[in-house]
Each structure stands twice: as C-alpha cells, then as structure tokens.
Amino acid sequence: MKAYFINKYQKAPAILGDMPEPVMNDDDVLVEVHAAGLNHLDLRIKSGEFKLLVPYSFPLILGHDVAGKVIAVGKNVRQFAVGDEVFARPRDGRIGAFAEKIAIHQDDVAKKPSDLSMVDAAGLPLVVLTAWQALVEIGQVKVGQKVFIHAGAGAVGTIAIQLAKYLGAFVATTTSTANVDFVKSLGADVVIDYKKSNFINELKDYDVVLNSLDETTLLQSLQVMKAGGRLISISRPPTPSYAKNAGLNIVLQWVMGFLSRKVRRESQQKQVDYQFLFMKANGKQLAQIAQLIEQGHIKPYTQSVYPFEQINQAFDELEQGRTRGKIVVSMR
C-alpha cells in the first residue's frame with residue numbers, strides 16, 4: 001500500500017512509497033483511509049524531537065489524524081462493524097494515518113459525525129481531544145470562568161474557543177490582524193491583535209490559560225492569571241509529574257524537572273497550577289465530542305485540502321504558519 005514514512009529521524013521530507021499492509025490484532029479495526037489531517041506533531045516526531053517521550057521503531061508511517069471506513073474488525077471488536085464511517089487519533093506507538101489503510105485499537109475510534117465530510121472529520125481528532133483534555137479534564141472550566149486561549153485562529157485554538165464557550169466561559173484570545181473577525185465569529189469575547197498590543201496589558205484575573213506558543217509567552221501568561229488558576233501548555237516544557245505518569249525513567253523525570261524548573265517556580269509563586277499536556281487517544285471522549293459537533297456546538301475549519309500525492313506541499317504550507325484551522329490530505 002502507499003504510505004508516507006521515514007526510515008530514521010530526519011528534518012528532510014518523508015518518503016511517499018510502498019509499505020506492507022497493516023497487521024491487525026484482535027482488538028483492532030482496519031480502516032480504509034479516506035482523509036488524514038496534518039499536525040505539527042508529525043513534524044516533531046519526524047525530526048526526533050519527541051524520541052525520548054515516544055520512541056518509535058523504523059520504518060515509521062507518520063500521521064495522527066484519520067477518517068475513513070471500517071473494512072475489517074478483530075474478533076474482540078463489538079462496537080464497530082464493516083462499513084462504519086469512523087474517525088480517530090491512533091494511540092502513541094501506533095500512528096500511521098498517512099497510508100491507504102491503518103489498523104487502530106477499537107478504544108481509540110469513534111463513529112464519524114454524520115453530517116461531516118471525511119475531509120472535515122479527518123482534521124478533528126487530535127485538536128478536539130487536545131482541547132477537551134485541556135479544558136475539561138485539566139482546566140475543569142466552569143460557567144462564568146475566564147479562559148485565555150493563545151493563537152485562536154490555529155488548529156487547536158479554533159476548537160478550544162468553541163469548546164470553552166460551550167462550557168460557559170468568558171473567552172479571550174490572541175490572533176493576527178487578518179484573523180480578528182474570524183476568531184470573533186468563533187465566539188471569542190475579547191480578541192487581542194498581537195501585532196498591535198501585548199496581552200499582558202489587556203487581560204487580568206483569568207482562571208485558565210491554554211498555551212501553545214513558546215516559553216516566553218507561557219511565563220508572561222502568569223501575569224494575567226488569578227491565584228488558584230490553571231496554566232496548561234501543549235507545547236513546552238514537560239514536567240516531572242508528566243514524565244512519571246507517562247512511565248518514563250527517573251533520569252527523564254529529572255531532565256524534565258530541570259527543563260520546567262523556571263515555570264514551575266514562578267507558577268508556585270503566583271499560586272497557579274502549571275501542567276504540561278501531551279494528549280492521549282480516547283475514543284470515548286471523541287464520541288462525546290462527535291455529539292457536540294452534530295448538535296452544532298463545535299464546527300471544524302479546514303484551510304486547505306491536498307491530494308495524498310502532494311503531501312510534501314501540504315507540509316510546506318503547514319510549516320509556513322499562519323494557518324486558519326487544519327490542513328488535510330485526501331486519499332480519494
């Protein structure tokens with residue numbers, strides 16, 4: 001089958017070529033891939049940035065977001081049947097959405113929202129699970145709380161704003177001049193054009209902050225938070241508690257403690273709880289989110305669609321930044 005893969009960690013583009021058919025386990029569903037979403041995580045995995053957190057063997061097929069049709073099921077599978085249209089973020093260690101087929105553990109899969117195209121569904125799993133786990137699980141956002149989401153026009157930001165509004169929060173975000181009206185249309189109550197002003201001069205007393213940018217921005221975010229707030233980062237730096245929960249060894253726990261020492265110290269001084277989030281696959285959460293999508297509370301935004309054969313051009317666009325929503329490759 002055709003797939004997009006690497007034989008070693010590298011900065012250069014991956015290979016678009018032939019790979020063996022997926023091997024199914026008893027708890028797997030075999031999915032014929034119709035579309036797959038691009039994520040910066042694919043680039044970071046490809047370059048080896050996360051090799052200590054999530055070690056992979058080679059050859060490695062990339063791709064964390066998939067939508068398609070079930071064409072076979074393992075003997076232990078009860079929730080899905082051949083012909084079901086599904087979407088998923090396969091678990092770490094079993095990624096591989098950039099291929100004609102993929103075998104996925106049934107616990108990572110959900111039925112695709114009925115009113116979404118395969119293309120729109122393919123761009124959702126990683127970002128909706130990230131937003132859910134940040135705002136619902138860690139942030140525990142409640143009605144009337146103030147939530148600040150960095151980079152509101154980005155892939156995670158577009159979903160996080162909508163989810164925070166559904167949860168009843170007052171939402172602030174940052175974006176470029178060109179996207180001010182767009183993020184307002186998502187429901188943001190306060191929109192800060194970062195090209196014209198600094199958020200630390202505009203915001204105060206926020207309960208939850210979701211950071212997807214650099215560590216400087218992360219530390220600045222503490223200035224707009226209230227005591228008892230929750231600061232969540234999906235970009236950096238990982239913490240010792242994250243390393244321990246992920247089952248990493250004591251050396252890596254120490255390394256992550258060293259890398260995160262400044263933000264943890266300043267968060268403690270501010271009486272803010274800092275947590276690093278590396279989202280996990282979760283089909284049950286994805287099914288809950290699918291209901292919100294079908295009810296109209298969350299809407300996907302797909303910026304560009306490329307044929308699979310042009311996946312390198314799709315990644316070129318992703319690396320240029322300034323995306324509004326997701327970039328997707330279509331297999332058909």
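How do the residues of the lining of the second largest pocket divide into nonpolar, polar and charged? The legends below take up this point and others in a predicted model.

**View 1. The second largest pocket, with a volume of about 400 Å³.** Its lining has 19 residues, and P22, V23, I61, R94 and I95 are the closest to the pocket centre. The lining divides into 12 nonpolar, four polar and three charged residues. Strands β4 and β7 (101–105) each supply at least two lining residues. β7 gives the largest share, three residues.

**View 2. The largest pocket, holding about 1200 Å³ of space.** Lining this pocket are 46 residues; H40, A151, G154, S212 and L213 lie nearest its centre. Two or more lining residues come from each of α1 (40–47), α3 (125–138), α4, β10 (170–175) and β16 (326–330). By class, 20 are nonpolar, 19 polar and seven charged.

**View 3. The one cavity of 30 Å³ or more found in a search of the whole structure.** Among the lining residues are D120, L124, V127, Y301 and K326. Helix α4 (residues 155–166) gives the most to this lining, with three residues. Six lining residues are nonpolar, four polar and two charged.

**View 4. An open sheet of three strands in the order β2-β1-β4.** The pairing is antiparallel. β2 (15–18) and β4 (60–61) are the edge strands, each pairing on one side only. Four bridges join β1 (residues 2–6) to β2. In one of these strands, β2, G17 is the bridge partner of A3.

Key
Residues are numbered from 1 along each chain as its sequence is written. This is a predicted model: local features need pLDDT of at least 70, side-chain atom pairs count only at pLDDT 80 or more; totals for chains, interfaces and linings use all residues. Side-chain values use heavy atoms; hydrogens and water are left out. On a 1 Å grid over the protein atoms alone, a cavity is a set of points where a 1.4 Å probe fits but cannot get out, and a pocket is an open set with protein on both sides within 12 Å along at least five of seven lines; lining residues have an atom within 4 Å of a point. Grid points are joined across faces, edges and corners, and a volume is the space filled by probe spheres set on the points. Ala, Val, Leu, Ile, Met, Phe, Trp, Tyr, Cys and Pro count as nonpolar, Asp, Glu, Lys and Arg as charged, and the others, Gly among them, as polar. Two strands pair if DSSP finds at least two bridges between them.
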